[in-house]
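Reader: I am new to this structure and would like to learn how to read its features with care. Could you show me the structure and then take me through them?

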Amino acid sequence: HTYGMLTMSKYPIINQGEINFENSIGNNAIYADIVFNADTIRIYNVHLQSLHFANKDYVFANKIINKSSITTDELKEGSRQLVRKFINGAMKRTLQVQVLLNHIQQSPYKTIICGDFNDTPWSYCYAQLSKDKKDAFVESGKWFSKTMKINKILSFRIDYILYDKTLNSFNYRVSDNHLSDHEYIVTEITNQKVETT
């Protein structure tokens, strides 16, 4: 009965806040300033604009992938709907990323950005948010990181952990618990040098 985001920490949280995005329902960001040893780090927990796929969109995509029979009218309408949702989502995420970057640039602390970007690593949003950041998967992941699976063929990495270049990560992994339509990702971040083998 509750919808939202949460940041939990075993280290002290000395400040926290919310960043709301205009004209968006269910998409926003929160931040928490966490004291770790002698350092303070600001962690952003982000949920950027969703595509809001309806069940009929998944049915349409599966028909195309499985080469099921589909009428010309169904193909036109289904394609139009998907293109409309992709364009609308991309435009809203672009504006949301600007709001988020403005906030991040004001941070007095090193930052970590994590969450659901609803976009691929080749997107404008990822490119902007990952500037001057390390990507936990790139730095310490293995093989492929698929965090959102639409069906047996379509799966994407749209969830990320990005962090300040002075920090290091290790032991990046993706869950396979299937607790939601996303798999959760985990990494360990340190301000110490990490030995790699």
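Author: Helices (H or I, at least four residues) and strands (E, at least two) are DSSP runs, numbered from the N terminus. In this structure, I87 has its place in helix α2, which covers residues 72-105. Please keep in mind that this is a predicted model, in which local features need pLDDT of at least 70 and side-chain atom pairs count only at pLDDT 80 or more, while totals for chains, interfaces and linings use all residues. Residues are numbered from 1 along each chain as its sequence is written, and side-chain values use heavy atoms, with hydrogens and water left out.

Reader: Is I87 buried, exposed or partly exposed, and how is that decided?

Author: Buried means under 20% relative accessible area, exposed means over 50%, and partly exposed lies in between (1.4 Å probe, protein chains only). With a relative accessibility of 46%, I87 counts as partly exposed.

Reader: How many aromatic pairs does the structure hold, and how should I read one?

Author: Rings of Phe, Tyr and Trp (its six-membered ring) pair if their centres lie within 6.5 Å, and planes under 30 degrees apart count as stacked, over 60 as edge-to-face and the rest as tilted. The structure holds 4 such pairs. In one of them, the ring centres of Y31 and Y44 are 5.9 Å apart with the planes at 40°, so this pair is tilted. It links distant parts of the chain, since Y31 belongs to strand β2 (residues 28-36) and Y44 to strand β3 (residues 39-47), 13 residues apart. Y31 is buried at 14% relative accessible area, and Y44 is buried too, at 0%.

Reader: Which angle do the rings of Y126 and Y160 make, and where do these residues lie?

Author: Their planes stand at 45° and their centres are 5.0 Å apart, so the pair of Y126 and Y160 is tilted. Y126 lies in helix α3 (residues 124-129) and Y160 in strand β8 (residues 159-164), so the pair ties together parts 34 residues apart in sequence. Ring pairs also join F117 with Y126 and Y160 in a cluster.

Reader: What is the largest nonpolar core made of?

Author: A nonpolar core is a set of buried Ala, Val, Leu, Ile, Met, Phe, Trp, Tyr and Cys residues joined through side-chain atoms within 4.5 Å. The largest one here has 18 residues, and Y44, V46, L100, I113, F117 and L129 have the most contacts inside it. At least two residues each come from β2, β3, α2, α3 and β8, with α2 giving the largest share, 4 residues.
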